[in-house]
Amino acid sequence: MTAVASPALAPSVETVNAAVPWCSFRLGLPLPSRMVRPDDRAALAGEVWVSCGEVLAVPSFFTRWQAALSTRMADTYSSVPQVTPAGYVMSWYAGMFGYLGGMLFHQARRVPALAPETLAFTVGPEFHRPVAVALRSPAFTCLPSDPGAGSPHATVVPDEDALAAVLRAEVAAHGARFVAAYRQASRFGPHTLWGAVTDALDRGLWHLAHRGGDDPAGAASAALVLPRRLAPFTSGSTIRRVRGPSGAEHWTRTRQSCCFYYKLPEAEGPCVTCPRLTEALRAQLLDEQS
C-alpha cells in the first residue's frame, strides 16, 4: 500500500509527532525507505520498516523481539525475568495503534484508519523499542464541522459519540488480531493483552492534554471514548485526580496491564500507575515525584 499525501490529515499527524519525544509519527513512509518481512534478520536492526499486518501473521517476530530486548536489558540488570521483556513489547506494540488513535481523536477529533495493513514501524537497534510509526493510509473519519470533511479521504459521522464509536472499533479490530498473535509469543492471556490495548487508548487520549497542562480536557476525551467498560476493553477510563499526603492534587490513571518492570532485581519498585499499588501509596508516590 502506497501512502498518498493528504493535506487534511497531515497537519494532525505532525502535531501528534511533535508531542511525543520517544517515537516519531508520520503520514506515509519516507522516501526512500526499505520494507522488510518480519522474518528478515534486519527487521530488528533499525532503519528498516515492517508492516503491522505482516508482523501479526508471523508471531515468531514477537519472540525474537522479546529475546533482543532481554539481551539488551541484561547489560543493565543482573537477571531478566522472561515476563518483563514480554510485558514491554506487549505495551509498545499496543501503543502504536492505541496511542496514535487516542492522540488524533483528542487533538483533532479525527480517527485514522488503524488496521494492521495501514501501519508500519521501525524498531530502534539500541533499546529495541518502536522509534517510528507510519500511517500508510490518508483515510480518516471526522465530524461535519471538520475543515477536512470535504476531503476525498474523509468519512463524516454526525457527532462525537459516533466518532468515539469509530475509534473504539478501529482499535478493537487491530487489537483482536494483536491479541491472537501475541498469545502465541507469550504466556499472557486475553485479559492482560486487552488490558494493554485499553491502557494504550486511555493514555493516548490523555497524553497531549497532560503535556499541555490541560488534564481535564484529556480526561473528558477519555471519558467520551471509554465512559465505562465496553467489551473488548477491560475498563472505562481510569484518568482521575488524587490527593497526596501533602494536600496537593495529582492527575493519574491505573493501568489495566503491567510492564513487569518491578520484577527486575534492581528495580526501585512498581510504576506509579501500577495496578498493584493501593490508592494511598499511589498518592504518596505522586507527591514524592512532584
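**Aromatic pairs**

I began with the rings and found 19 aromatic pairs in the structure. I am working from a predicted model throughout.

I picked F61 and F121 to look at up close. Their ring centres are 6.2 Å apart and the planes meet at 75°, so I noted the pair as edge-to-face. I then checked where the two sit: F61 belongs to helix α3 (residues 60-73) and F121 to strand β4 (residues 119-123), so I have a link between distant parts of the chain, 60 residues apart. I looked up burial too, and both F61 and F121 are buried.

Next I turned to W194 and F233, which also form an edge-to-face aromatic pair, with 6.3 Å from centre to centre and 80° between the planes. W194 is in helix α6, while F233 is in the loop between α7 (215-225) and β8 (240-243), so this pair ties together parts that are 39 residues apart in sequence. I read a relative accessibility of 12% for W194, which counts as buried. F233 is buried as well, at a relative accessible area of 2%.

**Salt bridges**

How many salt bridges does the structure hold? I count 10.

I started with D146 and R110, whose closest N and O atoms are 2.7 Å apart in a salt bridge. D146 is in the loop between β6 (140-142) and β7 (154-156), and R110 is in the loop between α4 (83-108) and β3 (111-112); the pair links distant parts of the chain, 36 residues apart. Are these two buried or exposed? I find D146 and R110 both buried.

I went on to D199 and R253, which meet in a salt bridge at 3.0 Å, N to O. D199 has a relative accessible area of 3% and is buried. R253, at 2% relative accessibility, counts as buried too.

For another setting I looked at R243 and E249, whose side chains form a salt bridge with N and O 3.0 Å apart. R243 is exposed, with a relative accessible area of 54%. E249 counts as partly exposed at 44% relative accessibility. I also noted a network: D199, D202 and R253 are joined into one by salt bridges that share partners.

**An open sheet**

I then traced three strands that form an open sheet in the order β3-β6-β7, with mixed pairing. Why is one side of β3 and of β7 left without a neighbour in the sheet? Both stand at the edges, each with a single partner strand, so one side of each has no neighbour there. I checked β3 against β6: they run antiparallel and are joined by two bridges. V111 has T141 in β6 as its bridge partner.

**The whole chain**

Last, I stepped back and counted eight helices and nine strands in the chain. Its radius of gyration is 19 Å, close to the 19 Å that the globule rule gives for 290 residues, so I wrote the chain down as being as compact as a globular protein of that length. The C-alpha trace spans about 55 × 50 × 30 Å along its principal axes.

I noted that 56% of the 290 residues count as buried. Among contacts with a separation of 6 or more, 62% come from residues 24 or more positions apart. The accessible surface comes to about 12,500 Å², and 53% of that belongs to carbon and sulfur atoms.

Definitions and conventions: Residues are numbered from 1 along each chain as its sequence is written. This is a predicted model: local features need pLDDT of at least 70, side-chain atom pairs count only at pLDDT 80 or more; totals for chains, interfaces and linings use all residues. Side-chain values use heavy atoms; hydrogens and water are left out. A salt bridge is a side-chain nitrogen of Lys or Arg within 4 Å of a carboxyl oxygen of Asp or Glu. Helices (H or I, at least four residues) and strands (E, at least two) are DSSP runs, numbered from the N terminus. Buried means under 20% relative accessible area, exposed over 50%, partly exposed in between (1.4 Å probe, protein chains only). Two strands pair if DSSP finds at least two bridges between them. The radius of gyration is taken over C-alpha atoms; the globule rule is 2.2 Å times the number of residues to the power 0.38. Contact means heavy atoms within 4.5 Å. Accessible areas come from the Shrake-Rupley method with a 1.4 Å probe; for residues, only the protein chains shown count as cover. Rings of Phe, Tyr and Trp (its six-membered ring) pair if their centres lie within 6.5 Å; planes under 30 degrees apart count as stacked, over 60 as edge-to-face and the rest as tilted.
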